[in-house]
Amino acid sequence: MSVVWSMMVFALVSSVSPGPVNLVALSSGVSFGWRASVPHVTGATVGFTALLLATGYGLYELLLLWPALQGAIRLGGIAFLLWMAWRLARDNGEMNNREAQRAPGAFNGALMQWLNPKAWLACVAGMGLFASDGNHATLWLFAGIYFVVCYLSILSWALAGASLSGWLQQPARIRLFNRLLAAMLLSCAAWLALA
């Protein structure tokens with residue numbers, strides 16, 4: 001298997017699997033449609049790619065030098081997941097509240113990636129697998145592949161949400177949907193806390 005194919009498979013598995021950014025894209029697709037979710041998708045993709053490049057250009061070594069920083073990032077990510085789960089769980093499902101809200105934007109998507117423990121794990125693991133030799137050409141190839149795969153993966157979650165929006169016209173269904181998303185985020189936080 002070629003290294004490019006391996007990079008693509010790694011990027012796809014890491015990007016398309018459920019996580020906080022994808023769950024927000026799904027929820028945004030349900031509430032605002034896929035077009036309004038594109039800024040979040042774009043910001044999350046750019047944010048992740050920047051994190052990947054920063055990791056490849058030395059952030060990983062910094063984390064090895066200061067393990068407390070890694071722990072602080074992990075705790076911040078867990079706190080962020082808990083906050084998102086709390087917001088979803090307390091949503092009443094009324095559509096009239098959504099009219100006053102806006103879809104998550106590009107900055108929100110980018111910031112989420114830097115607070116997302118799943119993104120940090122993917123960056124560190126990806127660097128270890130594909131760019132640990134310090135070759136910048138390999139790093140940029142990996143980042144380019146990851147950018148495309150990540151964008152399409154997060155966009156697919158927004159499209160899935162938009163396709164569910166018709167079924168989720170009743171407040172009771174939206175409440176159930178949001179509570180399921182909240183439970184998934186809580187399980188991510190629990191896994192990270194115990195790992």
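Predicted model: local features only at pLDDT ≥ 70, side-chain atom pairs only at ≥ 80, totals over all residues.
A helix axis here is a line fitted to C-alpha atoms over the stretch in contact, and angles between axes run from 0 to 180 degrees between N-to-C directions. The crossing is right-handed.

Look next at the side of α1 that faces α8. V4, M7, M8, F10, A11, L12, S14, S15 and V16 of α1 make the contact. On α8 the partners are T138, L141, F142, I145, Y146, V149, C150, S153, S156 and W157. By class, this contact has 14 nonpolar and 5 polar residues, with no charged ones.

Now turn to the pair α1 and α7. Helix α1 covers residues 3–16 and helix α7 covers residues 117–130. Their axes come within 11 Å and cross at roughly 165 degrees. Angles over 145 degrees count as roughly antiparallel. The two helices are therefore roughly antiparallel to each other. Here too the crossing is right-handed. From α1, the contact uses V3, S6, M7, F10, S14 and S15. From α7, it uses K118, A122, A125, G126, L129 and F130. The class count is 7 nonpolar, 4 polar and 1 charged.

The remaining pair is α7 with α8. They pack at an angle of about 135 degrees, with their axes 11 Å apart. That makes α7 oblique to α8. Again, α7 passes α8 in a right-handed crossing. A122, G126, M127 and F130 of α7 meet T138, L139, F142 and Y146 of α8. These contact residues divide into 6 nonpolar and 2 polar, with no charged residue.

What about the empty space? Rolling a probe the size of a water molecule over the atoms shows where empty space is left. The structure holds 2 cavities of 30 Å³ or more. The largest cavity has about 120 Å³ of space. It is lined by 14 residues, and S14, S15, Q113, N116 and K118 lie nearest its centre. Helices α1, α2, α7 and α8 (136–164) each supply at least two residues of this lining. The lining divides into 7 nonpolar, 6 polar and 1 charged.

G56, M127, A131, G134, N135, H136 and L139 line it. Its lining has 3 nonpolar and 4 polar residues, and no charged ones.

Finally, move to the largest pocket. About 620 Å³ of space lies in it. Of its 21 lining residues, V24, S27, R87, L88 and Q101 are closest to the centre. The elements that give two or more residues to the lining are α2 (20–32), α4 (67–90) and α6 (106–115). By class, the lining has 10 nonpolar, 6 polar and 5 charged residues.

Key: Residues numbered from 1 in each chain as written. Heavy atoms only, no water. Helix = DSSP H or I, 4+ residues; strand = E, 2+ residues; numbered from the N terminus. Parallel < 35°, antiparallel > 145°, perpendicular 65-115°, else oblique. Left-handed = near helix turned anticlockwise from the far one by under 90°. Contact = heavy atoms within 4.5 Å. Nonpolar A, V, L, I, M, F, W, Y, C, P; charged D, E, K, R; others polar. 1 Å grid on protein atoms, 1.4 Å probe; cavity = no way out; pocket = protein on both sides within 12 Å on 5 of 7 lines; lining within 4 Å. Points joined across faces, edges and corners; volume = space filled by probe spheres on them.
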